[in-house]
Amino acid sequence: SGGPPAFRWFVRGLGRLVVANRPADAALIESRVSDGRGLLADDGVSISNLFSGDAPTSLLTMSGLKEGRAGLGPSQSYAAFFTHPAGILRAVILTVGEVGKELFQARRQVRRRVEPRIHRGGAYVALRAATNVFLRDLNVALVVEAMMRGSTSIYVDFVDYDEIAHHAGVTRAESLAAFYGLDDALRSIEQVIESGVAPRHYEVVLVSDHGQSQGATFRQRYGHSLEELIRQHLDDGQSVAAATNDVEAWGPVNLLLGQLSRQDSVSGRLTKRVISDRDPEAPVAPRGADAKRSAGDDDAPADLTVVGSGNLGGVWFSQHGTRLTAEDIEALHPGLLGVLAAHPGIGFVVVMTGSGPVALGAAGTHDLTTGVVVGQDPLAPFGPDAVGDFVHVSTFANAPDIYVNSLYDPVLDEVAAFEELVGCHGGLGGWQTRPLLVHPAGWSVDADLLDERGRLHGADTVHRQLVRWLERLGHRQDLTPDAVAPVPLPVSLPTGE
């Protein structure tokens with residue numbers, strides 16, 4: 001019930017925003033949700049992730065940076081990567097090439113009048129080069145080192161496609177070309193597996209926790225942001241703290257620089273000197289944890305906090321100690337819910353009432369508890385999972401007072417992000433709700449974990465399936481409440497699948 005409602009959210013007990021890729025907040029989140037039995041608890045290795053999964057070895061993992069544990073540590077691959085020509089020199093050359101590629105591709109979009117598009121200059125050019133070449137090669141080196149040590153499980157996050165698609169578009173040529181880089185990374189890992197040099201055999205499982213949806217941003221369509229729309233309907237003197245800038249992309253690079261600066265090496269000392277006058281948790285980009293205020297006392301929370309997470313928005317009445325109902329909101333700000341629900345760029349809003357959550361649209365309402373629809377169902381264009389998904393997230397302890405989901409155009413398959421990103425994920429509408437799980441053909445998916453449509457629905461369910469596969473491989477014993485009797489792998493797929 002306390003799950004994160006978005007990538008960043010307001011916590012009333014702390015009086016501030018929590019951002020998943022800020023080291024202090026990642027450590028806080030992990031400390032609250034970890035039971036010591038995570039996916040990587042048995043001799044696992046976490047590489048370039050937000051959280052450790054309870055792995056005893058965490059490399060480039062966000063939640064470990066604040067605590068000062070692990071980091072890059074004494075990794076042999078780290079030393080080899082930064083000293084051997086096959087590592088650092090290759091990465092530097094390809095990184096410079098990636099900068100040139102981005103400059104050319106961004107100008108090509110402008111020259112060809114590709115729409116929708118966003119500005120791709122400034123620091124993003126270096127960001128793309130770092131994430132899509134430098135970090136990718138370093139991640140591969142760390143994975144190979146972990147394999148050579150015989151670690152039982154390794155979980156690594158590659159952000160290549162995700163990062164480019166945010167800025168260039170979901171199916172644009174440069175985004176799809178990023179898959180070639182991922183193919184090369186996987187090929188390198190598989191070559192190590194096939195060579196037999198590792199002390200044990202490995203299998204590769206690919207997980208994409210979400211897709212992406214495309215579209216012109218909310219600001220591009222209507223000339224104002226979500227927070228500006230809300231501010232127009234507040235009383236004079238009331239303050240709004242807005243966090244709708246892109247913070248997800250900078251996490252991996254900030255993490256790399258932060259951990260490099262802690263290394264007792266030439267590169268570590270040089271990095272520390274370069275970023276010595278910057279925020280140690282976000283040396284090359286805004287932290288995003290401190291929302292921009294429109295007015296009011298800087299020492300107290302704003303009256304409202306507005307957050308964008310792709311095309312999902314969240315609004316908190318920050319100075320109230322408990323979540324407000326629709327009746328409370330209407331009493332405080334008459335007409336605000338109606339303005340939001342009727343805006344052409346907003347598909348629906350979800351608020352809590354005395355009897356449970358309700359979705360409000362421009363021409364109708366949907367009671368998520370009883371299923372009663374009055375007028376036109378605002379959730380109808382968003383698919384059969386919309387009701388269940390918002391019933392689920394509405395129960396979160398830190399859920400916003402108002403959930404805001406942008407429009408969805410089923411003809412163009414487009415949404416309108418509240419962040420300035422042409423490709424986004426976080427809400428409903430389009431390909432963002434279509435994740436991917438690729439596993440060895442001989443491994444079966446447990447029937448009791450499938451929903452009525454034959455899917456592994458939700459992150460919790462996918463996690464349980466991954467844990468069960470590890471149990472069957474003999475890597476986990478008595479660690480999970482739903483542990484199943486170990487059986488040898490591979491397990492044949494049922495006939496007909």
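Reader: Let's start with a loop: where does P116 lie?

Author: P116 sits in the loop between helix 4 (85–111) and helix 5. Helices (H or I, at least four residues) and strands (E, at least two) are DSSP runs numbered from the N terminus. Bear in mind that this is a predicted model, with local features needing pLDDT of at least 70 and side-chain atom pairs counting only at pLDDT 80 or more, while totals for chains, interfaces and linings use all residues. Residues are numbered from 1 along each chain as its sequence is written, and side-chain values use heavy atoms, leaving out hydrogens and water.

Reader: What kind of peptide bond joins E115 and P116?

Author: Most peptide bonds are trans, and most residues other than glycine have a negative phi. Here, the bond between E115 and P116 is cis, with omega at about -5°.

Reader: Which residue other than glycine has a positive phi near 55°?

Author: That's L60, found in the loop between strand 4 and helix 2 (62–67). L60 is buried, at 1% relative accessible area; buried means under 20%, exposed over 50%, and partly exposed in between (1.4 Å probe, protein chains only). D413 is not a glycine either, and has a positive phi of about 60°. You'll find D413 in the loop between strand 17 (408–409) and strand 18 (414–415), partly exposed at 21% relative accessibility.

Reader: On to the open sheet: what is the order of its three strands?

Author: Strands of a sheet pair through backbone hydrogen bonds, either parallel or antiparallel. Pairing takes at least two DSSP bridges between two strands. The order here is 4-3-5, with parallel pairing. Strand 4 (57–59) and strand 5 (153–156) are the edges; each has a single partner strand, so one side of each lacks a neighbour in the sheet. From one strand to the next, the twist averages 15°. Strand 3 (residues 44–47) is joined to strand 5 by four bridges, and I47 stands opposite V156 of strand 5.

Reader: Which strands does helix 5 lie across?

Author: Helix 5 (residues 123–148) lies across strand 3, strand 4 and strand 5, at about 175° to strand 5. Axes are lines fitted to C-alpha atoms, for helices over the stretch in contact, and angles run from 0 to 180 degrees between N-to-C directions.

Reader: How many residues of helix 6 are buried?

Author: Nine of the nine residues of helix 6 (residues 160–168) are buried, so the rest of the structure largely encloses this helix. Among them are D160, E163, H166 and H167. G169 follows helix 6, with a positive phi near 125°.

Reader: What is the average pLDDT of the chain?

Author: pLDDT is the predictor's confidence in each residue, from 0 to 100. The chain averages 83, and 80% of the residues score at least 70. Among the elements, strand 16 has the highest mean (98) and helix 11 (residues 266–274) the lowest (49). Over residues 68–74 the pLDDT stays under 50, and the model has 18 contacts for them beyond four places in sequence; contact means heavy atoms within 4.5 Å.
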